[in-house]
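Student: Please take a close look at one part of this model and describe it in detail. I would then like that description carried on, in one connected account, to the other features that can be computed.

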Amino acid sequence: MPRIARNNLGASFFHIMVQGINKSYIFNDANDKNKYISILKEYTVETNVQLIAYCIMDNHAHMLLYTNKINDMSKFMHLVDTKYSNYYNTTNNRVGYVFRDRYKSEPIYEEKYLLNCINYIHMNPVKAGSVKSAEEYRYSSCSQYMHNIGISKSKVLYETLKITDYRETLKNTKNNKYFMDVDIDKTEKIMFLTQEYQKEKGKSLESIINTKKITKDLILFLHDENNVKYIDIARAFEISKTKIFNIKK
């Protein structure tokens, strides 16, 4: 009997990003990056939060977390960032904030976005030019996924996706290039995606707006493939939500 896809995961999986104050480097070397990873793993034991994927860059870090209670996630992030801030300030003989504002979070409501998110997180060092292959980067969970060990064997991830070997699955994940940073402005995200759509279709924005068939495809691309809400699409293009639904018909 085929598995029934879970289209709505509820508020369980979260894409998290933390960034250095003033976008400065806060993970300066291997010791810093390994320290943050060890702290992440330490507090999964004390809280009801599971670490599903991660990537620690020089001035920011991405994580995919799982929890049934959003308060547990807040507690987890507070414990992690407080402990790392104390370590960083002590190590560098400094005082003051280490992280920029509060962490950014984006819920993953549909399972089709989970693999996109994992792939996006692992591709960060490749996009930054740090490595040629995501698996080469030592401060992410990518190698665990490529060798089917460690956190890639998460029970909750298996129960959600029913995947036992991620190697080809992640390589073939579609649209991960469109998975945006969690701190990007909604309109900026839509404009970025629209530009990528234009490049893919070889169409101008004017022709897209004036051609119902193309506009419908764009709306489906934004909403169905990239999880953009209809209300945000309406605001970005300064059209009514009703017009969007009429175009979709």
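Tutor: Tyr84 counts as buried because its relative accessibility is 0%, where buried means under 20% relative accessible area, exposed over 50% and partly exposed in between, with a 1.4 Å probe and protein chains only. The ring of Tyr84 pairs with that of Tyr87: the centres are 5.4 Å apart and the planes stand at 45°, so this pair is tilted. Under the rule used, rings of Phe, Tyr and Trp (its six-membered ring) pair if their centres lie within 6.5 Å; planes under 30 degrees apart are called stacked, over 60 edge-to-face, and the rest tilted. Both Tyr84 and Tyr87 belong to helix H2, where they are 3 residues apart, about one turn of the helix. Helices (H or I, at least four residues) and strands (E, at least two) are DSSP runs numbered from the N terminus.

The model is predicted, and local features are therefore reported only at pLDDT of at least 70 and side-chain atom pairs only at pLDDT 80 or more, whereas totals for chains, interfaces and linings use all residues. Residues are numbered from 1 along each chain as its sequence is written, and side-chain values use heavy atoms, with hydrogens and water left out.

Over the whole structure, a search finds 11 aromatic pairs. In one of them, the rings of Phe27 and Tyr84 have centres 5.1 Å apart and planes at 45°, so this pair is tilted. It joins distant parts of the chain, 57 residues apart: Phe27 is in the loop between S1 and helix H1 (30–46), and Tyr84 is in helix H2 (residues 70–91). Phe27 is buried, at a relative accessible area of 0%. Ring pairs extend this into a cluster of Phe27, Tyr36, Tyr84, Tyr87, Tyr88 and Phe99. At 9% relative accessibility Phe99 counts as buried, and its C-alpha atom is 8.8 Å from that of His60, 39 residues away along the chain.

Most residues other than glycine have a negative phi. Asn22, which is not a glycine, has a positive phi of about 60°; it is in the loop between S1 and H1 and is exposed, with a relative accessible area of 72%. Asn93, also not a glycine, has a positive phi of about 50°; its place is in the loop between H2 and S4, and at 74% relative accessibility it counts as exposed.

Grid points are joined across faces, edges and corners, and a volume is the space filled by probe spheres set on the points. The largest cavity has a volume of about 50 Å³. By class, the lining has 3 nonpolar, 1 polar and 4 charged residues; Ala, Val, Leu, Ile, Met, Phe, Trp, Tyr, Cys and Pro count as nonpolar, Asp, Glu, Lys and Arg as charged, and the others, Gly among them, as polar.

Aromatic rings also meet charged groups. The charged end of Lys33 sits over the ring of Tyr139, 5.5 Å from its centre, and that of Lys162 sits over the ring of Tyr158, 5.7 Å from its centre. The criterion is NZ of Lys or CZ of Arg within 6 Å of the ring centre and within 35 degrees of the ring normal.

The cysteines complete the account. The structure holds 0 disulfides, a disulfide being a pair of cysteine sulfur atoms within 2.5 Å. The closest cysteine sulfur to that of Cys55 belongs to Cys142 and is 8.8 Å away, too far for a bond. Cys55 is buried at 0% relative accessibility, and Cys142 is buried at 5%.

Terms used
1 Å grid on protein atoms, 1.4 Å probe; cavity = no way out; pocket = protein on both sides within 12 Å on 5 of 7 lines; lining within 4 Å.
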